[in-house]
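I opened a new notebook page for this model.

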Amino acid sequence: MKFAFGNPAALSWPVRLNSAAAFAVPGLALWLASGYSYGAVLLLIGAIVTLKRWVIEPQRSLTWWFAACMFAMAMLWVALADPAERMGQWDRPSKFILAIPCLLYATVFPPRPRAFVWGLIVGCLGAGAIAIWQVHGLGEWRATGRTNAIQYGNLALLLAVLLAVFLAAIHKQLHWGEKILAVVAIVAGLDASVLSASRGGWLALLVVLPFGLGLLYRYRARLFWRVVVGLMIAVGLMSVINRDMLSARWDEMTSEIKVYDTKRDANTSVGQRLEHWRFAVDAGMEKPLLGWGVAGYTAEKQKRVAEGKYQSAIIEYKFVHNEVLDVFVKTGFLGTGLLLWFYLLPIWMFWPTRERMALLDAGSNPPLRRMVLAVRMCGVCVPVLFIGFGFTQVFFAHNSGIMFYLFSLILLWSMLIGLERTARGLSPAKA
């Protein structure tokens, strides 16, 4: 790949370590159990070893805002913790706290973008290979990877979307062989999503497409229609290859909606979600400011089911199967505001405004500008897709959801800072 900005020989060991992390987070995410954690561990080790070097470096204001947002989310998950989990209740908050030094460290020693791109390629190929093996080799009805089907399918879709964004933006800097490999990897990632039968991910794709295509049309209008045609071909290919599964899942969804609508039957995947959402809205509006708390939410749900107001199918689930409603019913508008901040702040951080992109126009380095656009678009796609995932799943209740959101954004933000340093004629990384 022809986009190695800066002199590779001059890169310091923290930059090389962070580049390895940039490869590992997407590259190992779905190959190995907790594969997304290996890159995070590398960043944490680097942050500890180089503490005296990065702690005194100045940071952008948006970096501090993102760190503050992470801390706020840690406090939110303290409030959302289930006391019955004992020590396990500190698992989620600790991830947000530990991500803060990783963010401050990575922005001082930004990783190289090509490591992240290769990680996406390897991650997509791995996800697709495992999905095909599980469904067509082992005969399982849906692919689950090393986690549950919903998390696996949605993250595979996310990897494919990010890789597609990079391919659309920087294709001129790739050899033909690399382009073909990237296209195959994108198809593999999409296929893994389809074989996981995770319908919420397909809904999320419909959410992110307007954002991605709108940004592409704004900055790369000549490429826009090629991408649209490519998407149509990819969707058509997925539909033909997995026609039976897609048809079955669609028919199942429409049938479950009709059954719930006519009989209030919540003993289905869709019915249980709709019933849980109804309860969350009703109960949440009774305590809109601070919510019921986890214990109060559980007790009130059991009470109302016993009274016959809601179906018993919702009793066994700790979460509402909707990120915003789950936070709302348990922590009210205060917690919901923090969650929305966690979604919207990264979108603002990465959004490629004309002013931000104009800073690159003064130079004469089109490949650098295209890479910056790709990183910014990917930084927007991550939270937008997670918003879509959150419609039907409490994604941050899972280790994979928290870790991939945090560390993909940390890596993309630090890559962006390194690229913009290069654009201003500065060293992309501290020696």
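**Salt bridges**

I began with the rule: a salt bridge is a side-chain nitrogen of Lys or Arg within 4 Å of a carboxyl oxygen of Asp or Glu. The model is predicted, so I noted that local features need pLDDT of at least 70, that side-chain atom pairs count only at pLDDT 80 or more, and that totals for chains, interfaces and linings use all residues. Residues are numbered from 1 along each chain as its sequence is written, and side-chain values use heavy atoms, with hydrogens and water left out.

How many salt bridges does the structure hold? I found 9. Side chains of opposite charge can pair when their charged atoms come close.

I looked up R376 and E420. They form a salt bridge, and their closest N and O atoms are 2.9 Å apart. I then placed both on the chain. For elements I used DSSP runs numbered from the N terminus: helices are H or I with at least four residues, strands are E with at least two. R376 is in helix α16 and E420 in helix α17 (residues 399-423). The pair links distant parts of the chain, 44 residues apart. Salt bridges that share partners join R60, R376 and E420 into one network.

Are R376 and E420 buried or exposed? Both are buried. The cut-offs I used are under 20% relative accessible area for buried, over 50% for exposed and partly exposed in between, with a 1.4 Å probe and protein chains only.

Next I checked E275 and R278. Their salt bridge has its closest N and O atoms 3.0 Å apart. The two lie 3 residues apart in helix α12, so about one helical turn separates them. E275 is buried at 0% relative accessible area. R278 is partly exposed at 26%.

E307 and K309 form another salt bridge, with 3.3 Å between the closest N and O atoms. E307 is partly exposed, at 42%. K309 is also partly exposed, at 49%.

**Aromatic rings**

I turned to the rings. Rings of Phe, Tyr and Trp (its six-membered ring) pair if their centres lie within 6.5 Å; planes under 30 degrees apart are stacked, over 60 edge-to-face, and the rest tilted. The count comes to 17 aromatic pairs.

One of them is F96 with F342. The pair is edge-to-face, 5.7 Å centre to centre, with 70° between the planes. F96 counts as buried because its relative accessibility is 0%. F342 is buried as well, at 0%.

I also noted F386 and F395. Their ring centres are 5.1 Å apart and their planes stand at 90°, so this pair is edge-to-face. F386 is buried, at 0%, and F395 is buried at 0% too.

**Charges over rings**

A charge sits over a ring if NZ of Lys or CZ of Arg is within 6 Å of the ring centre and within 35 degrees of the ring normal. K179 lies over the face of W176, 4.6 Å from the ring centre. The charged end of K287 sits over the ring of W292, 4.1 Å from its centre.

**Pockets**

Last, I looked for open space. On a 1 Å grid over the protein atoms alone, a pocket is an open set of points where a 1.4 Å probe fits, with protein on both sides within 12 Å along at least five of seven lines; lining residues have an atom within 4 Å of a point. Grid points are joined across faces, edges and corners, and a volume is the space filled by probe spheres set on the points.

The largest pocket holds about 1,300 Å³. Its lining has 41 residues, and A164, L190, G230, L231 and A234 are the closest to its centre. Helix α10 gives the most to this lining, with 11 residues.

The second largest pocket holds about 520 Å³. Of its 25 lining residues, R199, S269, V270, R273 and T392 are the closest to its centre. Here α12 gives the most, with 6 residues.
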